[in-house]
Amino acid sequence: MKIEDRQKRVERTESTKHSKNKFLWGLAAIPLLLVALLTWGLIEPYTLEAEEEEAVIPSLPSAWEGKKIAQLSDFQVGMWWDNVETVAKSVDKVIEEQPAALMITGDFIYHANPNPQPQINEVVELLRPLADANIPTYAVLGNHDYGMSSKKVEPDTEQAAQLERGLESIGIQVLKNEAAIIPSQDLESDLHVVGVGSHWANNDRVDTALAQIPTDSPRIAILHNPDSFTDFPANAAPLAIAGHTHGGQIRLPLLPDWSWLSFAKEDEVVADKWVEQDYGQPGNKMYVNRGIGFSDVPIRIRCAPEITFFTLKSKSS
């Protein structure tokens with residue numbers, strides 16, 4: 001065999017060994033990556049993110065120009081390893097910022113049957129500081145507040161009523177297809193909040209809620225499930241805020257369209273932030289909050305718990 005041929009054969013052998021070693025190292029890195037993701041998934045739920053957004057309401061009174069509205073969602077108190085620490089942190093943040101009002105978009109409790117009262121009591125105590133801070137707070141109920149882990153479960157209206165009574169005992173107004181006026185020092189500058197009932201409980205009556213306010217009045221729509229948004233007529237919800245989807249809860253790096261909830265749940269997951277791409281009627285715009293708690297597993301990856309502050313504007317800046 002020629003020396004040149006022998007050398008080429010050695011080089012090919014070394015190249016094959018090198019490629020094999022790289023492959024083995026790649027295989028060994030996979031479990032390390034999974035461990036790292038799992039570890040971060042257990043840490044991220046305690047990293048509350050405050051999102052600052054501008055929200056345009058075309059008919060907004062001048063007295064409301066530049067004021068802030070806060071949103072919280074999906075506490076899921078009562079799930080194993082629930083995230084009450086971050087719920088408490090979010091309440092402290094609201095009090096620190098002193099927004100003109102706070103909107104809570106449902107799923108206060110998780111699987112609370114057969115006795116929901118302990119979870120309700122815990123939620124009430126977590127939120128009680130809001131009453132002491134005199135921050136007007138409005139809420140709608142979500143599917144878990146009716147004991148519904150899926151659409152096939154019958155809604156527990158008594159559980160929902162117990163929760164409603166608990167929330168209203170500390171001054172949180174629960175809106176079930178109802179409207180209210182947010183207090184303002186300028187009595188001639190009404191801003192309405194329109195609350196829509198639970199979609200899964202078949203209690204979202206958008207027309208009923210809208211009938212309680214003048215057609216051209218400025219308003220903020222609050223709903224738990226983003227699916228209710230499509231029922232709003234054109235220009236009836238210039239600002240709608242929702243929750244329910246937890247931002248997908250687990251989203252892997254480099255795969256922005258993949259989320260665990262999109263595979264685990266029956267609904268199409270409208271992930272988070274402003275929803276675009278012709279969703280809803282013209283003139284309507286919806287923001288979906290990532291929430292604070294969990295569904296099924298106490299992990300969040302690339303979906304940190306969220307508190308949102310909306311700065312209200314009459315036109316885009």
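This is a predicted model: local features need pLDDT of at least 70, side-chain atom pairs count only at pLDDT 80 or more; totals for chains, interfaces and linings use all residues.
Reader: What percentage of the residues in the protein chain is buried?
Author: A residue counts as buried when its relative accessible area is under 20%. The protein chain has 317 residues. Buried residues make up 49% of them.

Reader: How many helices and strands does the protein chain have, and what percentage of its contacts between residues at least 6 apart joins residues at least 24 apart?
Author: The protein chain has six helices and 12 strands. Among contacts between residues at least 6 apart in sequence, the percentage that joins residues at least 24 apart is 75%.

Reader: What reach does helix α4 have from its first C-alpha to its last?
Author: Helix α4 spans residues 157-168, which gives 12 residues. At 1.5 Å a residue, 16 Å would be expected. The helix comes close to that expectation, with a reach of 16 Å.

Reader: Which residue caps the N-terminal end of α4?
Author: Look for a side-chain oxygen that lies 3.2 Å from the backbone nitrogen of Glu158. The residue that provides this oxygen is Asp156.

Reader: Which elements are included in what covers the buried residues of α4?
Author: The buried residues of α4 are Gln159, Ala160, Gln162, Leu163, Glu164, Gly166 and Leu167. What covers them includes a helix and a strand, α3 (117-132) and β5 (173-174).

Reader: Why does Gln159 count as buried, and which backbone oxygen does its side chain reach?
Author: Gln159 is found in helix α4. Gln159 counts as buried because its relative accessibility is 0%, while the limit is under 20%. Beyond its neighbours within four places in sequence, Gln159 is in contact with residues including Ile109, Pro116, Ile120 and Tyr146. At 3.2 Å, its side chain reaches the backbone oxygen of His144.

Reader: Why is one side of β6 and of β10 left without a neighbour in the sheet?
Author: The open sheet here has six strands in the order β6-β7-β8-β9-β11-β10, with mixed pairing. β6 (178-181) and β10 (273-274) stand at its edges, so one side of each is left without a neighbour because each has a single partner strand.

Reader: Which residue of β8 is the bridge partner of Val193?
Author: Strand β7 (residues 192-195) pairs with β6 in the antiparallel sense over four bridges, and there Ala179 stands opposite Val194. Four bridges also join β7 to strand β8 (residues 219-222), and these two run parallel. In β8, the bridge partner of Val193 is Ile220.

Reader: Which residues of β7 are buried on each face?
Author: In a regular strand the side chains alternate between the two faces of the sheet. Both faces of β7 are covered.

Reader: What distance separates the C-alpha atoms of Ser59 and Asp216?
Author: Ser59 sits in the loop between β1 and β2, and it is partly exposed, with a relative accessible area of 36%. Leaving aside neighbours within four places in sequence, Ser59 is in contact with Asp216, Ser217 and Pro218. Although Ser59 and Asp216 are 157 residues apart along the chain, their C-alpha atoms are separated by 7.7 Å.

Reader: Is Gly291 buried or exposed?
Author: Gly291 lies in the loop between β11 (286-288) and β12. Not counting residues up to four places away in sequence, it touches Ser73, Asp74, Arg300, Ala304, Pro305 and Glu306. Its relative accessibility is 0%, so Gly291 counts as buried.

Conventions. Residues are numbered from 1 along each chain as its sequence is written. Side-chain values use heavy atoms; hydrogens and water are left out. The expected span of a helix is 1.5 Å times one less than its number of residues. Buried means under 20% relative accessible area, exposed over 50%, partly exposed in between (1.4 Å probe, protein chains only). Contact means heavy atoms within 4.5 Å. A polar contact is a pair of N or O atoms within 3.5 Å; within protein, one must be able to donate a hydrogen and the other to accept it, and residues adjacent in sequence count only if both atoms are side-chain atoms. Two strands pair if DSSP finds at least two bridges between them.
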